Amino acid sequence: MFWPSLGRTFVFTLMFVPSAIIGSLALALLLNQKLKGTVLFRTLFYIPHLIPAVALTVLWMAILQPRMGPVNATLRALGVADPPGWLATQDTALLSVTIINVWAAVGGNTMLIFLAGLQGIPNEYYEAASIDGASAWAKFRKITLPMLSPTIFFNLVLAIIAALKVFTTAWVATQGGPSYATWFFVLHIYNEAFQNFRMGYGSALAWILAVILIAFTLAQVYASRRWVYYDGD
Amino acid sequence: MAISQPFPTATPAPRVARRRRMLRPSRVVLYAVVLFFAAIFGFPLLWTLMASLKTVQETFAYPPVFFPAVPQFGNYIRVLSIERIPVLLWTWNAAYITALTTLGTVITASLVGYSFARFSYRGRNALFLITLATLTLPAQVTLIPQFVLFHRLGWINTHLPLWVPAWFGGGAFGIFLMRQFFLTIPRDLDEAALIDGASYPRIFWSVLLPLLKPPIVTLAIITALASWSDYQSPIIYLNSPDKFTISVGLHFFVQSPEVGGEPLQHLLMAACILTMIPAVVIFFAGQRYFVQGVVMSGLKG
């Protein structure tokens, strides 16, 4: 189970991190538009992040329940004869766990940090660009993204670390199943150490995780020199 | 980057300007998008709330109903009185563990932070580096040796492993946070108090701590939320249902969907809502300071 659980964790990370980062950035950009009721929306987006992981999972198990859950009921009403089994079937369980984690993460601290980062960008840059006739997309590409790159970097590092440590949602929703479809690396550690009581082996696995996390973080710090722009300092 | 506002909020535009802006089609699209996201975040929460107020028949109705015909507020009383699923006891367990963990973290992390920020002694920098180094280790690495340690102490299936460690510095994050904030306070303040004859404990308690309300509230909220929501530690240390915290209990509840042939799905939803409420309340109680703390960790980190 070592390599499969590690591979599965990487697949989860590959699905989770881009969705969470792009989603959070999109929400932050939206909330930065000075719409009416921004404070209310921001609070609503943040609440999923506050929910304890077990309660979050129980909530989504009801939402995604294949027979009586509202998602599949809606799909059937829309004419989908055979809606997916979500957490209950092997080929959709990993995707379902990803959806749950993204839903909980996108409106959370990542979004707040993006929002603060956006508000730290001096308005003069946008004004100057407008005078030069830059399009909204050009302003986003040439001003927002470079100015926000330190914030993106920070959020990216944290999101990858969080993704590689995924445990509670998968363990509560599916116990790693069905047929090991959500058997992630930390589940493997937990199972070996505390279900099979192989403490030494479990410790070794935990250290491998630590090395992977540190390697990822260092690699990002190194790569960041190419794309992160620090204004002034 | 300077933070001009403690909490990023949209400044309301003058009334006339705002009305004119709303008429633009691009604004309409933006409102549509933000409402779409509001639905995505709000619907699952609302569904769970409604499900917790349904009768058994409505819970298993097909096709599912969204609103219960008559809200069954009695579900919340019933869920607290199922003998095999002691939700009230689990809530109490989690509440007192959260309180002790938060108190211990705030007190000891401030003390250690004070020491690192204000005193010079042999080995201080080495100790500080070691403290910081523990931040990079995932909890899974220390979980197993900790389990072995608490096993030797005979603390398995007690609540002690869950809150006692918080009284030994409360973890590197809290220590680091407090140290950084102690460093922002001018030393002149300590020295003036010292000349006036104040002792170091007195300076810590009466001069410095009152100035550190924002980081203390931030640390308290982060710690309380983490402790209330924690699942990985209690699942390892607690075996008997009367010792469970609410998170572990909720998982136990999921695995026993009925008692004596009576389905409990609607009561499970009520328990789920009961688990969320304290987290939301803790957050709102200190939202102002908390968001500021999160933002600063991101911008200065």
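The structure is a predicted model, in which local features need pLDDT of at least 70 and side-chain atom pairs count only at pLDDT 80 or more, while totals for chains, interfaces and linings use all residues. Residues are numbered from 1 along each chain as its sequence is written, and chains are lettered from A in the order in which they are written.

**Helices H1 and H8 of chain A**
- The axes (lines fitted to C-alpha atoms over the stretch in contact, with angles from 0 to 180 degrees between N-to-C directions) of H1(A), residues 2-31, and H8(A), residues 136-164, come within 9 Å and cross at roughly 145°.
- Helices here are DSSP runs (H or I, at least four residues), numbered from the N terminus.
- Residues of H1(A), including Phe12(A) and Phe16(A), meet residues of H8(A), among them Leu156(A) and Ile160(A); contact requires C-beta atoms, placed from the backbone, within 7 Å.

**Helices H8 and H11 of chain A**
- H8(A) packs against H11(A), residues 199-227, at about 160° with the axes 10 Å apart.
- H8(A) and H11(A) are therefore roughly antiparallel (angles over 145 degrees).

**Contact between the chains**
- In total, 54 residues of chain B are in contact with 54 residues of chain A.
- H2(B) gives the most to the side of chain B that touches chain A, with 13 residues.
- That side of chain B has 42 nonpolar, twelve polar and no charged residues.

Technical notes:
Helices (H or I, at least four residues) and strands (E, at least two) are DSSP runs, numbered from the N terminus. Two residues are in contact if their C-beta atoms, placed from the backbone, lie within 7 Å. Angles under 35 degrees count as roughly parallel, over 145 as roughly antiparallel, 65 to 115 as roughly perpendicular and the rest as oblique. Ala, Val, Leu, Ile, Met, Phe, Trp, Tyr, Cys and Pro count as nonpolar, Asp, Glu, Lys and Arg as charged, and the others, Gly among them, as polar.
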